[in-house]
Amino acid sequence: MNTQYFQYVLVVERERSISRAAERLFISQPSLSKAIREMEDSLGYAVFERSPKGVIPTPEGEKLLVSARRIVTELEKMEAIRTPDQAETLALRFSLPRCSYLAAGFASFMTKLDVSKGIDIRMQETNSLQAINNVANGQCQLAVIRYQQPYETYFLDALKERRLVGELVWESDYLALFSKHHPLSQAPSVTLEKLREGIEIVYGDSYVPYLSANESIQNRDSLMADKHVFLYDRANQFELLTRLPTAYLWASPLPEGMLKRYSLIQRKCEAPNHRFKDLLVYPVGYQLTTLDRRLVDQLFAAKNEVAFMQVQ
């Protein structure tokens with residue numbers, strides 16, 4: 001029997017919900033349900049049953065969970081037995097979009113690493129198409145990709161073609177990000193027409209699978225301001241936003257600390273096709289390692305921090 005199943009049933013017991021357990025384990029709900037059914041078929045009895053209080057263990061399941069806890073504890077002890085020369089190196093390769101809340105999550109992940117061990121972490125901020133290729137080619141274990149809703153079919157097809165899984169991290173609307181000194185900073189509402197009178201900062205390599213670079217850029221032209229700057233890194237955007245009074249950027253919500261650090265504000269602004277999705281991407285069948293899960297935990301924690309911010 002797959003020892004991973006013992007971890008699964010323990011999380012389901014703790015969460016009292018298949019869907020919440022799946023979110024915690026960063027796998028899809030159908031995949032988790034299938035794994036539990038396979039375990040129950042192998043054992044010959046049901047481990048859980050549904051009740052008004054959620055998913056609860058059956059009497060046989062209670063006994064299994066006692067053994068599962070013992071097995072998982074023993075496995076963790078076995079993994080922890082290392083001599084000084086066998087000290088573990090914390091190695092991880094992953095790609096992220098140029099996104100401030102994910103960057104904050106990565107920073108939190110780094111601050112929680114055990115610095116007594118070797119560390120070999122490689123994070124690349126890049127566009128979603130390159131991130132997909134990085135995972136498909138084995139250059140990264142996992143990635144987060146971002147796309148706008150009109151292009152969802154293109155990206156999902158690209159994942160399927162490359163045998164990759166995409167798990168939803170967040171779905172939301174882009175906000176207008178600009179300096180506190182921007183002419184619209186005190187306006188009761190921000191309109192697309194007024195915003196486009198300024199200088200728009202745009203990432204120049206945001207390509208869509210199966211579309212050429214020219215086609216990808218042309219698809220943005222209808223909303224792009226007449227005055228625009230194409231960038232290929234995230235750091236320069238803050239310098240431009242703080243120094244160019246009319247500069248603005250379409251972005252996912254930023255952490256409060258980052259807004260204060262750069263004297264920026266974010267405002268709602270109605271614009272067509274400005275809803276985005278962030279997906280966690282990894283190969284079909286890949287089991288996230290403990291280090292992977294620590295990273296993903298911090299990315300979700302950073303998302304939760306900004307998801308409930310009040311934005312005008």
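## Salt bridges in the structure

In this predicted model, a search of the whole structure finds eleven salt bridges. Side chains of opposite charge can pair when their charged atoms come close.

One group goes beyond a simple pair: Arg93, Asp120 and Arg122 are linked in a network of salt bridges.

## A link between two strands

Asp173 and Arg275 form a salt bridge in which the closest N and O atoms are 3.0 Å apart. Asp173 belongs to strand 6 (residues 164-173) and Arg275 to strand 12 (residues 275-283), so this pair ties together parts that are 102 residues apart in sequence.

How accessible are the two partners? Asp173 is partly exposed, with a relative accessible area of 40%. Arg275 is also partly exposed, and its relative accessible area is 29%.

## A pair within helix 10

The side chains of Glu239 and Arg243 meet in a salt bridge, with a distance of 3.2 Å from N to O. Both residues lie in helix 10 (residues 235-243), where they are four residues apart, or about one turn of the helix.

Is each of these residues buried or exposed? Glu239 has 41% relative accessibility and therefore counts as partly exposed. Arg243 has a relative accessible area of 62%; because exposed means over 50%, Arg243 is classed as exposed.

## Packing of helix 1 and helix 2

Two packed helices are described by the angle between their axes and the distance between the axes. For helix 1 (residues 4-15) and helix 2 (residues 18-25), the angle is about 125° and the axes are 8 Å apart.

Which residues of helix 1 and helix 2 meet? Helix 1 contributes Tyr8, Val11, Val12, Arg14 and Glu15, while helix 2 contributes Ile18, Arg20, Ala21, Arg24 and Leu25. By class, this contact has six nonpolar and four charged residues, and no polar ones.

## A salt bridge at the helix contact

Glu15 of helix 1 and Arg20 of helix 2 are among the residues that meet. Glu15 forms a salt bridge with Arg20, and the closest N and O atoms are 3.8 Å apart. Glu15, at 21% relative accessibility, counts as partly exposed. Arg20 also counts as partly exposed, at 42% relative accessibility.

Conventions:
Residues are numbered from 1 along each chain as its sequence is written. This is a predicted model: local features need pLDDT of at least 70, side-chain atom pairs count only at pLDDT 80 or more; totals for chains, interfaces and linings use all residues. Side-chain values use heavy atoms; hydrogens and water are left out. Axes are lines fitted to C-alpha atoms, for helices over the stretch in contact, and angles run from 0 to 180 degrees between N-to-C directions. Contact means heavy atoms within 4.5 Å. Ala, Val, Leu, Ile, Met, Phe, Trp, Tyr, Cys and Pro count as nonpolar, Asp, Glu, Lys and Arg as charged, and the others, Gly among them, as polar. A salt bridge is a side-chain nitrogen of Lys or Arg within 4 Å of a carboxyl oxygen of Asp or Glu. Buried means under 20% relative accessible area, exposed over 50%, partly exposed in between (1.4 Å probe, protein chains only).
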